Each structure stands twice: as C-alpha cells, then as structure tokens.
Amino acid sequence: MVLRSLSVAGRRVVVMSTGEGVAAGRPPVSLSPSRASDFMQCPLLYRFRVIDRLPERPSPAATRGTLVHAVLERLFDVPAAERTAERARALVPGQWERLLADRPELAELFAKAADAAVPGEDTAQAAGERLAEWLAQAESLVERWFSLEDPTRLEPAEREMFVEVALESGLRLRGVIDRVDVAPTGEVRIVDYKTGKAPRPEYSEGALFQMHFYALVIWRLKGVVPRRLQLVYLGSGDVLTYDPVPADLERVERKLLALWDAIRRATESGDWRPRPTKLCGWCDHQAVCPEFGGTPPVYPLSVPSPAGPGAAG
C-alpha cells in the first residue's frame, strides 16, 4: 500500500493507494478520468483497455507528453532561481533515457525512420535523425511553458500526485494530478499540462471534465472545493481556467455515477457496443472491432445465460 499526502487548508489529506489497473479478465473496480472518457467515447474501447487489457502501440505524441511531464516535474527539484528554460531543456535527454530504460519498447517509435530509408541510406542515421527531431519538439514544448507560467514563483504542494477516494455510493475514483498549488491562505489550484493545442471554445467543457473529476476527488476527500482549475496547453500556448463551485462538482458526481452504472451493466451482460467516430482512425484495435469487420476476443468474464425458465434444450 502506498500513502500520499496533500496539504489542504493547512491540514494533510492522506490518500491510500492499493495500486492502479486491473488484471486482464477481471471486472473494473474503479474509474479514472481517462477510462471514463474512453467509455463515453466508445464502450467497446473501454472493454478492450480495461477488461481485455489488449496491448497498444506506443504513440510518439503520447510518449512526448510523458517526457514533457517528467521534465516539468523534475524542474521543481532545483532551487527557484535555477528554474530556467535552459535548465529545463537540458533535462530532456536525461529524462528520455530514464523513460527508455523503464520502457525499452519505446525505441520502436523511431524504427519507421529506418524502414523508410532509401536503399543505401544509413538506417541507424535515419532513426537517429528522427529521434533528434522528436526531442527538439519536446524541448520546444518545455520552453513554451515559460511564456505561460513562471516556475521561479511557484512552489507546488504536490507533483504527479496519485489520488483515490471512495464515494458514498461505493464508486472508487482515482487518478494522477500533474500539479497542486496551495496558496498561503489555503486556497487550492489544480494544474494539468497538455502538450496538444487548446480546444475551440465550444469544446472547452469536455476539456475540463478531467479537471472537474480531480476537483471532485479533492472535495470528497477533504470537503474543500479547489479555488481554480487550470489547463496549460503547451502546443498552442494557451491557458484555460475555471473556478468551480459545489454545484459543478455535484453534477460531475451524478454523471460519474450514471456512467459507472452503465459500465456495471455492460460488465455483467458482456454487451459492449462500439460507437464509431472520427477517432476510430487512431484506434489500435480495428482488427478486433466489428465496425471494421473484426471479431472481439472471447469475453473473459462470465455472463448470465440467455436461456430463461422454460427455454428449450
């Protein structure tokens, strides 16, 4: 069991973690912002990721996001005066090496450069150039952050903080918050870094779902509504903020309870419907998706027999 703590209104909130994730073939036991979004996007995608635990190829964009998050987290390890853009950029190669050591399969991200090399071209050089370009993009995202926030004036209370809470209904919510700032007055700000571009205004509510989720967790843990939710979009240089009130979080809680009820029903029945959208083109599971002519793997959980009383046979 892992214990984490957060200073809220001058007091410490202790958060217990028994580990994230669910073994393949086991029913879900908790809900995170990412998995909630998966189910809302496509229930079958949720099943593939949570119930079947199907492998997915590493994504250059997602891996770059992980790298940038690691750099911004580690930058706060040094004294405030040393938190410069130059220092942050210098952290990129080392954090990439650490990430690669933990996940050697990420080296495959640059294999396509070698495959695409023309005859006679040095494939190792092609892969190296692809990696150098990718790292330069990460450095640019890190540098842009300094135009949006001043880390010399920040002393986060928590970074990459795992939080978990069980609601009165029994639903367990969990997730990882990029940064938590606590003002001298006790006001809490939840900050999340995004390496993509800010959404158009009409889609801002969806973008804030994750932040409302975290705000709800903090509220239910300690009874304190975060003063501000802040999304920092490094891809476009925008900062999206929202100041929640209890009514906002109550609506999110009702939505999550309804969502969990739908997940529970699908888990028990084995009925996971695909929901085709433009995002299907990015899905790793097309080969086993009925929408693309595929057949899902055998459902690993038991479901009630369709034969009722008096059925023939």
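Are Arg174 and Glu164 buried or exposed? Both residues are buried, where buried means under 20% relative accessible area, exposed over 50%, and partly exposed in between (1.4 Å probe, protein chains only).

This is a predicted model, in which local features need pLDDT of at least 70, side-chain atom pairs count only at pLDDT 80 or more, and totals for chains, interfaces and linings use all residues. Residues are numbered from 1 along each chain as its sequence is written, and side-chain values use heavy atoms, with hydrogens and water left out.

Side chains of opposite charge can pair when their charged atoms come close. With a salt bridge taken as a side-chain nitrogen of Lys or Arg within 4 Å of a carboxyl oxygen of Asp or Glu, the model has 28 salt bridges. The table lists some of them.

| Pair | N to O distance |
|---|---|
| Arg174 and Glu164 | 2.4 Å |
| Glu253 and Arg220 | 2.5 Å |
| Arg265 and Asp261 | 2.4 Å |

Helices (H or I, at least four residues) and strands (E, at least two) are DSSP runs, numbered from the N terminus. Arg174 and Glu164 form a salt bridge. Because Arg174 is in strand β4 (residues 172-182) and Glu164 in strand β3 (residues 158-166), this pair ties together parts that are 10 residues apart in sequence.

Glu253 pairs with Arg220. Glu253 belongs to helix α9 (residues 246-269) and Arg220 to helix α8 (residues 209-222), so the parts tied together are 33 residues apart in sequence. Glu253 is buried at 13% relative accessible area, whereas Arg220 is partly exposed at 36%.

Arg265 and Asp261 are four residues apart in helix α9, which means a separation of about one helical turn. Arg265 is partly exposed at 46% relative accessibility, and Asp261 is partly exposed at 28%.

Salt bridges also link Arg35, Asp38, Arg49 and Glu56 in a network.
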